[in-house]
Amino acid sequence: MTKKVVELGCGGSRKFNGSITVDAVKLPGVDIIHDLNEGLPFADDSIDEIHSYHFLEHVNDLQFVLTEIHRVLKKGGKNIGTVPHFSNPHFYSDFTHKNFFGLYTFAYFENAQTTFRRKVPTFYSGNLSFQTKKIDLVFKSSFIERYPIKKAIGAIFNSCRYMQELYEENFCFLFPAYEIYFEIEKI
């Protein structure tokens, strides 16, 4: 049996082998044209994996879209993707960005609250039950000569959860992160 993989907001620019691509704009490589702010065009518990790279920051209602992702994922299914970190100076330039993301954003949708030391309210998540399987701060630069420095900063601050939390509390505006890589799983 093959995995059913969906890419949300792919823009037609890339396609994982065998995946179903969904975007609001008709572009080459897009399989389903659909406004994802209106829900996901899939049956309950029907998807093994969802990829959403630089997509969630564009949705009108993050809680609604994560509820839809939870609805269509099978138990144990994952949403894998990236979102810009709130300290990214380029984040504010894009007028289509509607949602901010930090290390704790996905923790609001976890009932178990096992990822970080600091706990956040989960009453917003309703019946959602995600578990963060992986979360990393991504440091990179548009300027190639700065990339080794950014990579070293990333290695230091991603070395453990304590360092990630230390970074976001104390160093995020001194060394802005570019994005957050995440893997959340439906429990």
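Leaving aside its neighbours within four places in sequence, which residues is Leu 56 in contact with? In this predicted model, Leu 56 meets Leu 62, Val 65, Leu 66 and Ile 69, and also Asn 79, Val 83, Asn 99, Phe 101, Phe 106 and Phe 182.

Leu 56 belongs to the largest nonpolar core, a set of 41 residues. Together with Leu 8, Leu 40, Ile 50, Leu 66, Ile 69 and Phe 106, Leu 56 is among the members that touch the most other members. Several elements supply two or more residues to this core: the strands β1 (5-8), β4 (47-53), β5 (73-84), β6 and β7 (179-186), along with the helices α1 (62-72), α2 and α3. The top contributor is α1, which gives 5 residues.

Now step back to the sheet. Its 7 strands form an open sheet with mixed pairing, and you can trace them in the order β3-β2-β1-β4-β5-β7-β6. At the edges lie β3 and β6, each of which pairs on one side only. Helix α1 packs on this sheet, where it touches β1, β4, β5, β6 and β7, and its direction makes about 145° with that of β5.

Look next at β1 and β4, which run parallel and are joined by 3 bridges. Here Val 6 has Ile 50 of β4 as its bridge partner. Ile 50 is also one of the core residues that touch the most other members.

Strand β4 also holds Glu 49. Is this residue buried or exposed? Glu 49 counts as buried because its relative accessible area is 13%, under the 20% cut-off. Its side chain makes a polar contact of 2.8 Å with that of His 51. Beyond residues up to four places away in sequence, Glu 49 touches Lys 3, Lys 4, Val 5 and Val 6, as well as Leu 73, Lys 78 and Ile 80.

Loops can have buried residues too, as Val 30 shows: it sits in the loop between β2 (20-23) and β3 (32-33), and it counts as buried because its relative accessibility is 14%. Val 30 and Cys 10 are 20 residues apart in sequence, while their C-alpha atoms are 7.5 Å apart in space.

Finally, turn to helix α3, which spans residues 161-171. Its buried residues are Met 163, Gln 164, Glu 165, Tyr 167 and Glu 168. An α-helix has 3.6 residues a turn, so residues three or four places apart point the same way. The buried residues of α3 pack against β6 (130-138) and α2 (147-157).

Definitions and conventions
Residues numbered from 1 in each chain as written. Predicted model: local features only at pLDDT ≥ 70, side-chain atom pairs only at ≥ 80, totals over all residues. Heavy atoms only, no water. Buried < 20%, exposed > 50% of the residue type's maximum accessible area, 1.4 Å probe, protein only. Helix = DSSP H or I, 4+ residues; strand = E, 2+ residues; numbered from the N terminus. Contact = heavy atoms within 4.5 Å. Core = buried A, V, L, I, M, F, W, Y, C linked by side-chain atoms within 4.5 Å. Polar contact = N/O pair within 3.5 Å; in protein donor to acceptor, adjacent residues only side chain to side chain. Pairing = 2+ DSSP bridges. Axes fitted to C-alpha atoms, helices over the stretch in contact; angles between N-to-C directions.
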